[in-house]
Amino acid sequence: MTELSPPTSLADVRLHLERAIGSVAPDVVDEVASLGPDVDFFEEFGLDSMDRLTIMESLVASTGIAIPDDVVARLTTIRQLTDHLMSN
């Protein structure tokens with residue numbers, strides 16, 4: 001069983017995102033660290049809607065923080081993810 005680890009910084013969010021993206025697109029996971037905070041990572045990495053769903057489910061599982069369905073489509077950048085994950 002994986003221990004939940006809510007993010008406390010931008011670096012934590014990047015780590016959670018790297019793990020989540022690695023589960024669907026391991027070939028681009030090394031590029032997450034160099035991604036600007038306002039770059040749409042779904043567009044940047046060519047991820048589709050199923051990848052989005054898998055990534056968001058992985059983030060919920062690893063952080064214990066809910067991401068409501070109506071918010072999922074709006075969380076496309078590291079800054080947006082950070083704002084959501086650290087305010088909930």
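**Group meeting: an aromatic pair and the core around it**

Okay, let's start with Arg52, which sits over the face of Phe42, 4.0 Å from the ring centre; that label needs Arg CZ or Lys NZ within 6 Å of the centre and within 35 degrees of the ring normal. Quick caveat: this is a predicted model, so local features need pLDDT of at least 70 and side-chain atom pairs 80 or more, while totals for chains, interfaces and linings use all residues. Numbering runs from 1 along each chain as its sequence is written, and side-chain values use heavy atoms, leaving out hydrogens and water.

Searching the whole structure gives 1 aromatic pair. Phe41 and Phe42 have ring centres 4.5 Å apart and planes at 40°, so they count as tilted. (Phe, Tyr and Trp rings, six-membered for Trp, pair with centres within 6.5 Å; under 30 degrees is stacked, over 60 edge-to-face, the rest tilted.) Phe41 is buried at 0% relative accessible area, and Phe42 is buried at 3%. (Buried is under 20%, exposed over 50%, partly exposed in between, with a 1.4 Å probe on protein chains only.)

Now, which residues does Leu81 touch, leaving aside those up to four places away in sequence? They're Val13, Leu17, Phe41, Met56, Leu59 and Leu75, with contact meaning heavy atoms within 4.5 Å.
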